[in-house]
Each structure stands twice: as C-alpha cells, then as structure tokens.
Amino acid sequence: MQSPINIDTAKTIFSPQLRPIQLSGYSLPANEKLKLRNNGHTVLLELPESLAITGGYAQQYRAVQLHLHWGSPSGPGSEHTVNGHRFAAEIHVVHYNTKYDSFKEAMVHPDGLAVLGAFLEVGPRENPYYQEILEHLYKIQREGEEVLVPGFNIAGLLPANLKLYFHYNGSLTTPPCYQTVKWTVFNQTMVLSHDQMSMLVMSLRNDDSKPLQNNYRMMQDLHRRRVLSSFQ
Ligand SMILES: NS(=O)(=O)c1c(F)c(F)c(SCCc2ccc(C(=O)O)cc2)c(F)c1NC1CCCCCCC1
Ligand SMILES: [Zn+2]
C-alpha cells in the first residue's frame, strides 16, 4: 500500500459517508514565528500542534509540518497523478493521530498519520498565501539553512472547498515509507502565478549544490486497493 498512486477517477468509489474536512487553529498570528527549512529534499514548514483536523477523519489529528513536491523548468512535479495527469506541484500537510503521544510514535501505526494533499498549477493570479513561504526561499538556498517566518492563515494554502476529495490508505513517500498514512487528496487545485512557480522550482539547492528539483517519488502500484471519493 505504497504512495504516491495514479488516481483513476473511473475506478474511484463514491462514498457519501466521507464528510467535509474541517480544520481548526489554522489561522496563525504574524507574531507566531514558524521555522522554514531546506532539508535537502524539500522545503519544510514546521507547524504548531494547535492546528488540528476536527472533521472528515474518524479521529483527531494534529499538525506536524507541511512541505512541497515540485518539478523543474522542463516538467511538472506532483507526487499523485489524476488520470495520468501530473500537476506542476503538490503540497502535503502532515498530521499525527493524537491517540499517540507523538508523531514519532504515531508514524508506525496504520492510523497514525493523516496527510492533506493539494495540487498546485500555474494561473494568471499570484497566490498571497503561497507568497508567505515563497518570498523567503532565497534565504534558504542551501541544504540545512532555515529561517523564521511570520505566522499566517495556513488554511489559505489549501482549497476553499474541503468537501471534494479522494481518500485512500497509503504510505509516506520518503524512507522509511511506513504504510501509516490516511491520505486526503483534494479535487480543487491551488493556483500560483508563473513567477511564483519559478521561485519554487529555481530557488533551492540540495547537499551537493545541485538544483533541488523533481523531488517526487515514482508512481506506486495500487494493487487491489480502492480509492474513495467524497463526490460523484
Ligand atoms: N511526502 S512525505 O510526507 O512522505 C515526506 C517526503 F516525501 C519528504 F521528502 C520529506 S523530506 C525527507 C525526510 C526528512 C529529511 C530531513 C528532515 C529534517 O532535516 O528535519 C525531515 C524529513 C518529508 F519530511 C516528508 N514528510 C515526513 C516524512 C518523514 C518522516 C516522518 C515525519 C513527518 C512526515
Ligand atoms: Zn510529501
């Protein structure tokens, strides 16, 4: 049950019991500083546990971090694909199940982690919420560099419509690739300007100073698994 997968919408199962995702505590004041780090694999924003998923999952999950996956100037870089279409980029907001003491404990249990994923595409308008992250990337060009950024409404990084999503049981897409993630992939796509997408794709370098690009894991086989959808 590895991730990422291609979501073949002809084979998803409409599940009316899938409720809208509800977020609480996602709007952070500017005086709350968050650590933004280039860890050589992605850009990672550490999140306070005050952010919680309070609807749509059977249990409560609290935020750990968010990070992005992207391509290069010559191609897209989302991890999941939909009907074989790879999107320009993808955001993952990682949470852990609060019935466990910590995410380190949670991440080894099948119901331990919940990742909210959304696709990013290029469009005519700048996205002011993504700008809160992208405008700092030039300060963390090298692996291991980090910067403190002012808090903002983290919910602005996710679609306005949290009712339309795909749902399946999968895994982390980086080692140790534990099969402990309950994935939610939203149907509505986030729109960034061309300049914003270029900042994401061109700003960061990895450990041997090569451009940090195409940081998406290769497609995994679905086997006999079913992807549920909250909409028809
Ligand atoms: N798509 S994903 O959620 O599987 C994922 C990736 F694909 C990722 F590529 C990453 S980054 C690679 C792992 C890593 C490396 C260094 C540091 C650090 O210096 O703090 C942190 C993490 C990454 F951090 C994550 N998310 C992490 C998975 C790593 C272990 C559990 C921690 C929370 C989720
Ligand atoms: Zn990820």
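In the predicted model, P176 falls within the loop that connects strand β13 (165-170) to strand β14 (181-186). The peptide bond leading from P175 to P176 is cis, with an omega near 15°. A cis peptide bond also joins S3 and P4, where omega is about 0°, and P4 belongs to the segment that precedes strand β1 (6-7). A further backbone feature concerns N83, which adopts a positive phi of about 50° although this residue is not a glycine; N83 is placed in the loop between strands β8 (81-82) and β9 (85-86).

With regard to confidence, the chain has a mean pLDDT of 97, and 100% of its residues reach 70 or more. Among the elements of the chain, helix α1 (residues 103-106) has the lowest confidence, with a mean of 96, whereas the highest value, 99, is found in strand β10 (residues 89-97). The scores for the model are an ipTM of 0.97 and a pTM of 0.98.

The elements contributing two or more residues to the shell around the ligand are strands β7 (61-70) and β10, and the largest share, amounting to 3 residues, is supplied by β7. In total, 16 residues surround ligand 1, and the closest of these are R37, Q65, H67, H69 and T173. When the shell around ligand 1 is divided by class, 5 residues are nonpolar, 9 are polar and 2 are charged.

Contacts between ligand 1 and the protein involve both side-chain and backbone atoms, as the following pairs show. On the side-chain part, an N or O atom of Q65 lies 3.3 Å from a nitrogen atom of ligand 1, and Q65 is also listed among the closest residues of the shell. For H92, the distance between an N or O atom of the side chain and a nitrogen atom of ligand 1 is likewise given as 3.3 Å. Taken alone, ligand 1 exposes an area of 650 Å², of which 78% is buried by the protein.

Conventions: Residues are numbered from 1 along each chain as its sequence is written. Chains are lettered from A and ligands numbered from 1 in the order in which they are written. This is a predicted model: local features need pLDDT of at least 70, side-chain atom pairs count only at pLDDT 80 or more; totals for chains, interfaces and linings use all residues. Side-chain values use heavy atoms; hydrogens and water are left out. pLDDT is the predictor's confidence in each residue, from 0 to 100. Helices (H or I, at least four residues) and strands (E, at least two) are DSSP runs, numbered from the N terminus. A residue is near a molecule or strand if one of its heavy atoms lies within 4 Å of it. A polar contact is a pair of N or O atoms within 3.5 Å; within protein, one must be able to donate a hydrogen and the other to accept it, and residues adjacent in sequence count only if both atoms are side-chain atoms. Accessible areas come from the Shrake-Rupley method with a 1.4 Å probe; for residues, only the protein chains shown count as cover. Ala, Val, Leu, Ile, Met, Phe, Trp, Tyr, Cys and Pro count as nonpolar, Asp, Glu, Lys and Arg as charged, and the others, Gly among them, as polar.
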